Amino acid sequence: MIRVRDLRVAYGDRVVAEVPELDVARGECVAIVGESGSGKSTTLLALLGLTEGARVSGEVSVCGVDVMKARPRALRAVRGAKAALVIQSPQAALSPTTRLGVLMRRALRLHGVGGGSDTSGKAARGIDEVMAQACEAVMLDPAILRRYPHEISGGQAQRFAIALAIALGAEVIMADEPTSALDVTVQAEVVGVLRELREERGLAVLLVSHDLALVSTIADRVLVMKDGVVVESGPARHVLRDPDHPYTRELLEALP
Ligand SMILES: Nc1ncnc2c1ncn2[C@@H]1O[C@H](COP(=O)(O)OP(=O)(O)OP(=O)(O)O)[C@@H](O)[C@H]1O
């Protein structure tokens, strides 16, 4: 689902992320960890061709699309539907005066899901069904679709963002610190949802986090970044229990 080789992102003369190899298969979760400024978010954005003003080189393929060479239309399909970016506080990106259901319906129509731009009763019922199923997939009561963004909690907003991705038929979820703004029990809910989606629906998950405790509960493989460079990578069991690199040991020792 994701294949990266020799990715290099530079702003001006400064190389801020270098990733020699990164693969995420269907149903797999790979985490990129490291302290603030280590290049995690930049790597994620480069995978979607969203690093404006940067010099980017290397090979990046997401859902079969060559991100470095793709035409704008193919790139939009990847960003809008095939690969969903889940960010720390999605509420801020939602229009405050639009109910969640209206917002989701618009997104589905735009992408031609469940009847596309067809506004007949049959198509509307098709969309309703897709929306309800997407909510249920992330353990949200579909009644939430009648609410406004300020009427839901941070954990619900995060799950709504994931539901939107599911409804659009996402194959890949890229999550950038998806639980940092949430308290511990709500964090567990969101991680539970991500875990289930990859196990039950075969979604590929690329998770960016500085929270190693959280990463240990979901990731199959881990990449550790420091100052823009991958210092260690491998199976989560190995990297998080018996790391080779002193920096990874430092990160683990900093855990409460
Ligand atoms: N648009 C930009 N222009 C110039 N430098 C940038 C830009 N975006 C990011 N950087 C620099 O790239 C480096 C890596 O940033 P990045 O956001 O990828 O780190 P991160 O590991 O995700 O950190 P955080 O957890 O704080 O988000 C930082 O030094 C940052 O200042």
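Trainee: Which residues is the ligand surrounded by?
Mentor: Before that, a word on the source: this is a predicted model, where local features need pLDDT of at least 70, side-chain atom pairs count only at pLDDT 80 or more, and totals for chains, interfaces and linings use all residues. Residues are numbered from 1 along each chain as its sequence is written. Around the ligand sit Y11, V16, G34, S36, G37, S38, G39, K40, S41, T42, G53 and H210. Each counts as near when its C-beta atom, placed from the backbone, lies within 6 Å.

Trainee: Which helix gives the most to the shell around the ligand?
Mentor: Helix 1 (residues 40–47), with three residues. A helix here is a DSSP run of H or I, at least four residues, numbered from the N terminus.

Trainee: What makes helix 3 and helix 5 roughly parallel to each other?
Mentor: The axes of helix 3 (residues 100–110) and helix 5 (residues 154–167) cross at roughly 30° and come within 10 Å. This pair is therefore roughly parallel as well. On the helix 3 side, the contact is made by L100, M104, A107 and L108, and on the helix 5 side by F160, L164 and A167; contact requires C-beta atoms, placed from the backbone, within 7 Å.

Definitions and conventions. Axes fitted to C-alpha atoms, helices over the stretch in contact; angles between N-to-C directions. Helix = DSSP H or I, 4+ residues; strand = E, 2+ residues; numbered from the N terminus. Parallel < 35°, antiparallel > 145°, perpendicular 65-115°, else oblique. Contact = placed C-beta atoms within 7 Å.
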